[in-house]
Amino acid sequence: MSEPVRLSKRMSELGICSRREADEWIERGWVKVDGKTVSQLGSKVLPHQKISIEKQASQEQARRVTILINKPVGYVSGQAEDGYKPAVSLISEATRWKGDPSKEKFKPSQLRSLVPAGRLDIDSVGLLVLTQDGRIAKRLIGENSATDKEYLVRVKYLKPGKLPENDLQLLRHGLKLDGKPLLPAKVNWQNDDQLRFVLREGKKRQIRRMCEAVGLKVIGLKRIRIGQIKLGDLPPGQWRYLRPEEKF
């Protein structure tokens with residue numbers, strides 16, 4: 001027999017919402033199991049039981065926004081640290097990209113609970129996703145995320161000659177960070193001093209540390225795509241809304 005699991009965990013596994021959101025909805029009486037309201041935190045369910053949510057939960061979820069920003073150097077992805085501002089501080093009506101096709105109206109209240117779905121180092125630039133939607137966060141940074149992230153990386157080889165083919169193969173598969181093997185990556189030369197990386201994980205300073213392991217120094221790093229969403233023409237320091245038809 002299958003073991004019962006926490007209701008909030010099961011809702012997250014099914015992609016209904018994040019575990020945090022599930023707990024909020026359970027407390028508000030917005031969650032039903034087999035047609036009966038469950039309002040006790042920590043309640044457990046069996047895998048075959050049917051979970052549904054009240055329309056209030058669906059409406060609240062529909063109001064949540066996801067923002068794409070072209071992060072410049074000098075901003076941190078999440079909380080402010082060491083005197084550096086967080087990327088969310090760049091978001092205002094004045095910095096919204098004029099080319100944003102979304103009809104969504106900006107409200108300062110949208111900045112509440114807006115969290116980065118994946119990090120981008122302070123000295124890296126490019127596409128950063130900030131979202132109020134736990135489903136998107138789970139899809140991008142969850143334990144089993146299969147979402148590609150694409151980067152253009154300008155490098156300098158610190159040894160004589162050119163990077164050996166064997167070391168390029170190591171970048172693709174075979175390196176370890178913090179004692180753990182990295183997942184396979186796509187790594188190719190774009191020109192003499194620029195590599196293209198496509199990863200499915202995002203360990204702290206991963207690309208920089210991978211490059212250091214084979215004698216490369218990263219001069220510049222730019223994320224240009226997450227899943228199907230591309231940075232495109234979004235200018236540095238500006239942002240736009242993720243549109244309903246765009247999916248990660």
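Let me start with helix H4, residues 134-141, where Gly134, Ile136, Ala137 and Leu140 are buried. Buried here means under 20% relative accessible area, with exposed over 50% and partly exposed in between, using a 1.4 Å probe and protein chains only. Helices (H or I, at least four residues) and strands (E, at least two) are DSSP runs, numbered from the N terminus. Those four residues lie on the same side of H4, because they cover an arc of only 160° around the axis. The arc is taken from the directions from the helix axis to the C-beta atoms.

Some background on the model. It is predicted, so local features need pLDDT of at least 70 and side-chain atom pairs count only at pLDDT 80 or more, while totals for chains, interfaces and linings use all residues. Residues are numbered from 1 along each chain as its sequence is written, and side-chain values use heavy atoms, leaving out hydrogens and water.

Back to H4. What do its buried residues pack against? The partners are helix H2 (19-28) and strands E6 (66-71), E8 (125-131), E9 (149-157) and E14 (216-226). Contact means heavy atoms within 4.5 Å.

Next, the cores. The largest nonpolar core has 35 residues, and Leu171, Phe197 and Leu216 touch the most other members. Such a core is a set of buried Ala, Val, Leu, Ile, Met, Phe, Trp, Tyr and Cys residues joined through side-chain atoms within 4.5 Å. Elements that give two or more residues to this core include E6, E8, helix H5 (165-172) and strand E13 (194-199). E9 supplies the largest share, 4 residues. Leaving aside neighbours within four places in sequence, Phe197 has contacts that include Tyr151, Val153, Leu171 and Met210. A second, separate core of 14 residues includes Met11, Ala22, Ile26 and Val45.

Two single residues now. Ser8 is in helix H1, residues 7-13, and counts as buried because its relative accessibility is 4%. Not counting residues up to four places away in sequence, Ser8 touches Arg19, Ala22, Asp23 and Ile26.

Is Leu183 buried, exposed or partly exposed? At 47% relative accessibility, Leu183 counts as partly exposed. Leu183 sits in the loop between strand E11 (180-181) and strand E12 (186-191). With residues up to four places away in sequence not counted, Leu183 touches Arg172, His173 and Glu201.

Last, the whole chain. There are 6 helices and 16 strands, and buried residues make up 44% of the 248 residues. The C-alpha trace spans about 70 × 50 × 35 Å along its principal axes.
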